Amino acid sequence: MRTDSNTRGHHQWFYFSVKNKKTGTFKFNIMNFTKSNSLYQQGMRVAVCSKKKTELAKRGELPFAFAGWHRGGDNISYNVSRLSHESNNKSRILYYRLTAGSSKKVFYALSFEYTFEYCDDVVYFAYAVPYTYSRLLEFLGKLKEECCEKSNIFYKEEVLCRTLSGINVPILTITCLLYTSPSPRDGLLSRMPSSACKKKKKKK
């Protein structure tokens, strides 16, 4: 693993996909963890998402629990790695095998097995269930659609800033639209959002 973004050298998060050509059980070794203790040592399993299982579950051919992300993997272990590494002056990472009594920095490795049940399947593995940018955009699209269907909802989406990788960070403004009151006496209330109107009415 490479260093986690915006950290001083921590290695904890992983998220990758594998496309298999045949079924079978395969072992994965993920290197460069820096924490000496992990929830994997206490029984936590890897977050897994099989594309084919999700499609079958949505069609009702598998239990719905297989749709999307779930915890999986077998024979999970988290131990000291026999490999360590350091960077040279050319910003290259050099790997070497640790020897007994070595004073070099110690890293840890996660090992687990996963059984691919379908050929040509795409399976995603992650430390925890990821909330992807695509999922965020999908949610914002549905939210905007729902708000636009209601005449009393004001919805505005703007760009607050951009991440280091250039991705837009949205900021939303969602509130009740102003409404008109049939009574001239309530002219002040007609220019206020509904939440403010409720507070004013309580004072009557």
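Residues are numbered from 1 along each chain as its sequence is written, and side-chain values use heavy atoms, with hydrogens and water left out.

The protein chain contains 3 helices and 11 strands. Helices (H or I, at least four residues) and strands (E, at least two) are DSSP runs, numbered from the N terminus. In sequence order the pattern is β-β-β-α-β-β-β-β-β-β-α-β-β-α. Of the 204 residues in the protein chain, 27% are buried; buried means under 20% relative accessible area, exposed over 50%, and partly exposed in between, with a 1.4 Å probe and protein chains only. Among contacts in the protein chain with a separation of 6 or more, 60% are between residues 24 or more positions apart. A contact means heavy atoms within 4.5 Å.

Confidence comes next. The pLDDT, which is the predictor's confidence in each residue from 0 to 100, averages 78 over the protein chain, and 73% of the residues score at least 70. Among the elements, strand 9 has the highest mean pLDDT (95) and helix 3, residues 194-202, the lowest (43). Across residues 183-202 the pLDDT is below 50, and this stretch has 23 contacts in the model beyond near neighbours in sequence. Where pLDDT is low, the predicted coordinates should not be read in detail.

Now the sheets. Strands of a sheet pair through backbone hydrogen bonds, either parallel or antiparallel. Here two strands pair if DSSP finds at least two bridges between them. Strand 3 (residues 46-50) runs antiparallel to strand 4 and is joined to it by 3 bridges; V46 has G72 in strand 4 as its bridge partner.

Strand 5 and strand 8 are paired over 5 bridges in the antiparallel sense. V80 is in strand 5, and its bridge partner in strand 8 is Y108. Outside four places in sequence, V80 is in contact with V106, F107 and Y108.

Strand 10 (residues 153-162) and strand 11 (residues 168-176) run antiparallel and are joined by 9 bridges. R162 stands opposite N168 in strand 11. The hairpin of these two strands has 5 residues between them, and G166 takes a positive phi near 90° there.

Side chains also connect parts of the chain. The whole structure holds 17 aromatic pairs. Rings of Phe, Tyr and Trp (its six-membered ring) pair if their centres lie within 6.5 Å, and planes under 30 degrees apart count as stacked, over 60 as edge-to-face and the rest as tilted. Y15 and W69 have ring centres 6.0 Å apart and planes at 55°, so this pair is tilted. Because Y15 lies in strand 1 and W69 in the loop between helix 1 and strand 4, the pair ties together parts 54 residues apart in sequence. Y15 is partly exposed, at 39% relative accessible area, and W69 is partly exposed at 24%. F28 and F116 form a tilted pair, 6.5 Å centre to centre with 55° between the planes. F28 lies in strand 2 (residues 24-33) and F116 in strand 8 (residues 108-116), so this pair links parts 88 residues apart in sequence. Both F28 and F116 are buried.

Q12 sits in the segment before strand 1. Q12 counts as buried because its relative accessibility is 13%. Its side chain makes a polar contact with the side chain of Y127 at 3.0 Å. A polar contact is a pair of N or O atoms within 3.5 Å; within protein, one must be able to donate a hydrogen and the other to accept it, and residues adjacent in sequence count only if both atoms are side-chain atoms.

Conventions: Predicted model: local features only at pLDDT ≥ 70, side-chain atom pairs only at ≥ 80, totals over all residues.
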